[in-house]
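Subject: The two-chain model

Hi there,

Here is the model I said I would pass on. Could you have a look at it when you get a moment?

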Protein chains: 2
Amino acid sequence: MNKLLIVGTVAFDAIETPFGKTDKILGGAATYIGLSAAQFDIESAIVSVVGEDFPQEYLDLLKNRSIDLKGTEIVKGGKTFFWSGKYHNDLNSRDTLDTQLNVLADFQPVVPENFKAPGVVMLGNLHPLVQLSVLEQIERPKLVVLDTMNFWMDNTWDDLMKVISKVDALTINDEEARQLTDEYSLVKAARKIAEMGPKYVVIKKGEHGALLFHNEQIFFAPALPLEEVFDPTGAGDTFAGGFTGYLAHTGDISFKNMKNAVIYGSNLASFCVEKFGTERMQDLTKEDVHQRLEEFKALTQFQIKLT
Amino acid sequence: MNKLLIVGTVAFDAIETPFGKTDKILGGAATYIGLSAAQFDIESAIVSVVGEDFPQEYLDLLKNRSIDLKGTEIVKGGKTFFWSGKYHNDLNSRDTLDTQLNVLADFQPVVPENFKAPGVVMLGNLHPLVQLSVLEQIERPKLVVLDTMNFWMDNTWDDLMKVISKVDALTINDEEARQLTDEYSLVKAARKIAEMGPKYVVIKKGEHGALLFHNEQIFFAPALPLEEVFDPTGAGDTFAGGFTGYLAHTGDISFKNMKNAVIYGSNLASFCVEKFGTERMQDLTKEDVHQRLEEFKALTQFQIKLT
């Protein structure tokens, strides 16, 4: 089951943070998921779409990490999806400055033959009907993980409910979990989400870590306390890539192993925010990741003496 | 070293939350610290002041938990310190409706003879000069922990710096750590606080847990995810009581053991918020605490397979 099928945007981002701003750089949910999952010894593929303006250099960057791009369509004469945003000083919130759907507007995902029986599917943030279309093209995998955002709740509620009902796990941020369920308590929100379908619910709290819920069990992975968060763009997708990459690699979707997957997700996300865009993820080594795992252990593990 | 000296308010609180409101009930930092620390097999004493209006029933409640009240002065004809506050809907912020200092205005702390050589001192939130006066009356303990708040930063900066320079550990909430250091990053804030004196810094993040810093080491204890936080009043002081109570009990102030103390602090605080005021802390048993410790382990401990 170590095939990971990734669906999501491959895009251009222009980012402004208190530390500086970028021109159009490589971005997109599937890009971050793919780069993160590439830390594991798995086969992965991205189903997505770009325009003819998308640099070969970016495609090569993904291919060089053994990410299969047969399902990433290049639309002749088309322009790649573009997003531009500016972060506030606390880096916890941002304003979208520009969104140009371009080729994404008519995106019809096509899963390549060699990924029609994946072990794990990561449905990155996209229109719920695109996510559904991918599920309809494949054999039922061992694990389907869905990511979504408030935009789809506001605009495509019924379609979103349909795809949510078909997945095993949902990754979502805290504010969006509250919006989805109308519950302030994240414990209650996770329970309501589970009633919608997903047996596993991961609520991402940014700098405050991530919670994994399954039945009445809860696991918590902190974010690594950093001196400086440089650019939060892609942290959630990098988390998702670490989570699903680790599960595809180990082939074990027990709750116990999902704890490890959440730790790996937090581990990888902690690198993503250290530089602009995908920069840090590009030069990341297995040694870096293993060393940071030791930091996560030091941060969270204890040997208590009962009183 | 299992003597714990507690300094802080013993008071009346009137609390309003989205779930209801109380009349004047038992409150005060030293009360919460004392009730929390009473979960450990230690000798403790409260140095504080109350008015003649303070019910014998409340004093008995503390005495029955083996808390020495020889240092808690009862001012004849005086009125007890009163605080009243109303929480916002998210329970993360509150407005103070009323503060009546009463007998606290002229409080001159007197440490009783049998606590002049304590192992651990918990200086609860109070005027820095009161905290300093207590330190001047005692032999240097193995560990002095200080709690403070923004009010003293705004009004008594120099005195606060004096007491901060004399303590081993500071417990402070995240917003106050930022105010104290003018650093947004909590990692940088903790480092600056350490330069002011305290070798150990605990930054409390409410529902987002607590961070322990020592040199370049960091440990994180999450808050237990709860279905409902009923009343956050006293949670920070209950944390401090669990932290110092555990350290006094074990007599071990290594960083490794402080991790456990932070877990015990979070453990006890998770009970405090379940009911109004001190209600839940009053009927808390050792079995409750041990069971919740298992929940904390399930929440945070993992056995990772390297990839």
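Below is what I found in it, starting with the contact between the chains.

A word on conventions: this is a predicted model, in which local features need pLDDT of at least 70 and side-chain atom pairs count only at pLDDT 80 or more, while totals for chains, interfaces and linings use all residues. Residues are numbered from 1 along each chain as its sequence is written, and chains are lettered from A and ligands numbered from 1 in the order in which they are written.

**How the chains meet**

Chain A superposes on chain B by a rotation of 180° with 0.0 Å of shift along its axis, at an RMSD of 0.0 Å (least squares on the C-alpha atoms of residues with pLDDT of at least 70 in both). The two copies are thus related as by a two-fold rotation axis. Both copies use the same surface, since 100% of the contact residues of chain A recur in chain B. Here, two residues are in contact if their C-beta atoms, placed from the backbone, lie within 7 Å.

Chain A gives 35 residues to the contact and chain B gives 35 residues. On the side of chain A that touches chain B, at least two residues each come from helix H7 (186-196), strand S15 (217-221), H8, helix H9 (255-272) and helix H11 (286-300) of chain A. Helices (H or I, at least four residues) and strands (E, at least two) are DSSP runs, numbered from the N terminus. H11(A) supplies the largest share of that side, five residues. By type, the side of chain A that touches chain B has 19 nonpolar, ten polar and six charged residues; Ala, Val, Leu, Ile, Met, Phe, Trp, Tyr, Cys and Pro count as nonpolar, Asp, Glu, Lys and Arg as charged, and the others, Gly among them, as polar.

**A glycine in H8 of chain A**

Gly241(A) sits in helix H8 (residues 235-250) of chain A. Gly241(A) counts as buried because it has 35 C-beta neighbours inside 10 Å. The cut-offs are these: a residue is buried if 20 or more other C-beta atoms lie within 10 Å of its own, exposed if 12 or fewer, and partly exposed in between, with C-beta atoms placed from the backbone. Leaving aside residues up to four places away in sequence, Gly241(A) touches Tyr32(A), Ile33(A), Gly34(A), Leu35(A), Ser36(A), Ala37(A) and Leu268(A). Between Gly241(A) and Tyr264(A) there are 9.2 Å, C-alpha to C-alpha, at a separation of 23 residues in sequence.

**Strand S5 of chain B and its partners**

Strand S5 (residues 43-51) of chain B is mostly covered, with eight of its nine residues buried. Strand S1 (residues 3-7) of chain B runs parallel to S5(B) and is joined to it by five bridges (two strands pair if DSSP finds at least two bridges between them). Ser44(B) in S5(B) is the bridge partner of Leu4(B), and the bridge partner of Ser44(B) in S6(B) is Ile67(B). S5(B) and strand S6 (residues 67-68) of chain B run parallel and are joined by two bridges. Strand S7 (residues 72-75) of chain B is also parallel to S5(B), with four bridges; there, Val50(B) has Ile74(B) as its bridge partner in S7(B).

S5(B), helix H2 (residues 56-63) of chain B and S6(B) form a right-handed β-α-β unit, meaning that, with the strands pointing away from the viewer, the path from the first strand over the helix to the second runs clockwise. In the loop between H2 and S6 of chain B lies Ser66(B), whose phi is near 60°, a positive value in a residue other than glycine. Ser66(B) counts as partly exposed because it has 13 C-beta neighbours inside 10 Å.

In helix H7 (residues 186-196) of chain B, the buried residues are Leu186(B), Ala189(B), Ala190(B) and Ile193(B). Seen down the axis of H7(B), these fall within an arc of 100°, so they line one face of the helix; the arc is that of the directions from the helix axis to the C-beta atoms. They pack against strand S12 (169-173), helix H6 (174-181), strand S13 (200-204) and strand S14 (210-214) of chain B. Just after H7(B), Gly197(B) has a positive phi of about 150°.

Helix H5 (residues 157-164) of chain B has Leu160(B), Val163(B) and Ile164(B) as its buried residues.

Best wishes
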